[in-house]
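Please look at how the side chains of this protein pair with one another, taking aromatic rings and charged groups in turn.

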Amino acid sequence: MKRNAQNLYRLPFTVGAVLWVVLLGGLWLASGCRARPQAVTLTVLAGSELKDLEPLLPDLRDKTGVELKMSYTGTLEGVDRLLNGEKFDLAWFSHAKYLLLRDPKLAVAQERIMLSPVVMGVKTSKAKAWGWDKSVTWKAIAEKSAAGQLRFAMTNPATSNSGFTGLLGVWAALSGKSDAAQGNEVGPQALKGFFRGQAATAGSSGWLADSYVQQQDRLDGLINYESVLLSMNQGGKLREPLTLLYPAEGVVTADYPLILLNAAQREAFSKAVAYLKQPDLQKKIMEMTLRRPVTASVTLSSAFPNALLVELPFPASALAVDGILSQYFAEQRRPAHSFFVLDVSGSMAGQRLQGLQQAILNLAGADTSTTGQYARFQPREEVTVITFSNRINPPKEFRIGRGQNDPQLSQMRGYVKSLRADGGTAIYSALQQAYTLLQQAQSQEPERIYSVVLMTDGENNQGIDLNSFVSFYNGLSEGARAAHIFPILFGEGNKAEMERLAQATGGRVFDGRNSLAAAFKEIRGYQ
């Protein structure tokens with residue numbers, strides 16, 4: 001009897017609680033707040049420059065139920081990954097052509113999302129003095145460059161779309177062909193003159209912009225996406241604004257297509273595309289990234305110059321792309337002199353040394369992938385290898401010729417295979433030796449582009465320290481200081497110290513802890 005009374009006593013509270021929950025739920029539904037549907041997740045292999053779109057992705061998920069899971073990469077590296085069978089639902093690069101020319105069957109569908117032509121930005125004072133503030137041609141730019149009056153920066157066309165499409169514009173203009181793919185008759189001297197003015201390079205468009213800011217006193221301009229150049233003018237870091245040039249012979253425009261790779265996700269792909277192409281979203285993309293809208297109803301903002309865009313076609317075959325790049329490296333670009341300062345201390349013994357040896361062998365021809373062929377040591381390139389432990393070993397120099405059977409490449413492969421690990425770690429004494437040799441080489445061959453790669457797996461415990469090296473570096477000639485250091489983080493290497501070293505010399509740190517070969521390969525875009 002007592003138990004029944006207790007149950008009856010509790011009953012009103014239980015019913016009341018249920019009614020209260022039902023009432024709250026009804027009010028919540030009535031207010032239009034419903035549970036967010038489970039999103040369909042699409043994996044996307046995307047160009048690294050598209051990180052600036054990330055603020056839009058949460059809204060895309062909320063409004064469409066489609067979540068884009070982005071994995072960032074370089075364009076050509078991404079194409080290699082897809083050709084090698086890596087699976088993604090979507091790809092999103094600056095151009096679809098790099099992929100479609102290699103395997104057109106990979107793309108189920110594609111929709112362009114935004115636009116950014118690759119143009120040249122030149123300091124406004126120079127542009128006005130030469131009458132380029134109104135109109136200009138690639139031919140006129142080439143003449144100033146060949147005469148030594150124009151020093152510019154451009155990304156490596158084998159690793160960055162802005163560099164390759166910039167190359168296409170010049171190629172088409174100087175060959176007299178409307179299609180650069182037909183420009184095989186161009187004599188190397190015509191383009192050699194243009195690239196005589198290239199004083200800085202990089203593996204990515206974003207890093208090139210940052211590098212230009214650091215070196216703006218010795219450079220006159222750069223080739224890059226219109227969106228990047230406009231952002232630089234608005235960024236407050238330039239001592240002199242850039243005038244954007246749209247050469248009359250034409251330019252190539254990146255149209256950033258979203259590419260469907262997985263046919264089973266067509267519905268989700270269509271939802272994402274429809275959302276991104278809405279006028280309000282196109283306007284937001286334009287304002288946020290300074291890329292042009294593809295939706296015709298969206299008016300171009302006043303941030304964009306009132307310039308006539310003459311569009312040049314992309315090469316019609318992969319063979320044409322390879323031919324243009326091969327001639328660029330073999331004949332047209334300024335040759336490089338690359339210094340590799342390599343740690344062979346005792347801690348490098350075993351698998352670490354084997355990994356280092358394989359990374360260099362890949363650059364000497366062992367990597368036959370598309371990106372590997374572009375990353376290898378190029379004809380006319382000078383390569384100096386300096387190995388160190390607690391002592392600095394005599395440098396080995398190789399001047400690369402043509403072909404896989406080049407004797408210099410064979411000698412390099414033999415030398416790399418002979419490396420042995422022992423002793424301590426004299427990082428900064430080795431770098432001091434490298435820059436001493438670099439400055440000497442530069443006085444004899446000033447036309448080369450110089451750079452230094454450092455690979456170490458530990459902390460400095462012999463010779464001079466970082467502060468002493470930086471003081472030495474600051475006392476070098478202006479030309480020698482323009483040669484950046486690209487440290488590779490590996491093993492127990494001091495990350496903070498490597499970052500400081502890179503910052504002091506205008507370089508950047510590459511992470512080789514997962515793959516030394518990948519780090520060495522990526523650096524090649526900066527040499």
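**Side-chain pairs in a predicted model**

At 4% relative accessibility, Y473 counts as buried, where buried means under 20% relative accessible area, exposed over 50% and partly exposed in between (1.4 Å probe, protein chains only). This is a predicted model in which local features need pLDDT of at least 70 and side-chain atom pairs count only at pLDDT 80 or more, while totals for chains, interfaces and linings use all residues. Residues are numbered from 1 along each chain as its sequence is written, and side-chain values use heavy atoms, with hydrogens and water left out.

Q: Which kind of pair do the rings of Y435 and Y473 form?
A: Rings of Phe, Tyr and Trp (its six-membered ring) pair if their centres lie within 6.5 Å, and planes under 30 degrees apart count as stacked, over 60 as edge-to-face and the rest as tilted. The centres of Y435 and Y473 are 5.6 Å apart and their planes stand at 85°, so the pair is edge-to-face.

Q: How many residues apart in sequence are the parts that Y435 and Y473 tie together?
A: Helices (H or I, at least four residues) and strands (E, at least two) are DSSP runs, numbered from the N terminus. Y435 belongs to helix α17 (residues 427-444) and Y473 to helix α18 (residues 466-474), so the parts tied together by this pair are apart in sequence by 38 residues.

Q: Which kind of pair do the rings of F469 and Y473 form?
A: F469 is buried, and so is Y473. Their ring centres lie 6.4 Å apart with the planes at 35°, so the pair is tilted.

Q: Is R291, the salt-bridge partner of D52, buried or exposed?
A: A salt bridge is a side-chain nitrogen of Lys or Arg within 4 Å of a carboxyl oxygen of Asp or Glu, and the closest N and O atoms of D52 and R291 are 3.1 Å apart. D52 is partly exposed, with a relative accessible area of 29%. R291, at 3% relative accessibility, counts as buried.

Q: How many residues apart in sequence are the parts that R524 and E381 tie together?
A: R524 forms a salt bridge with E381, with the closest N and O atoms 2.8 Å apart. R524 lies in the segment after α21 (516-523) and E381 in the loop between α15 (370-375) and β14 (382-388), so the pair ties together parts whose separation in sequence is 143 residues.
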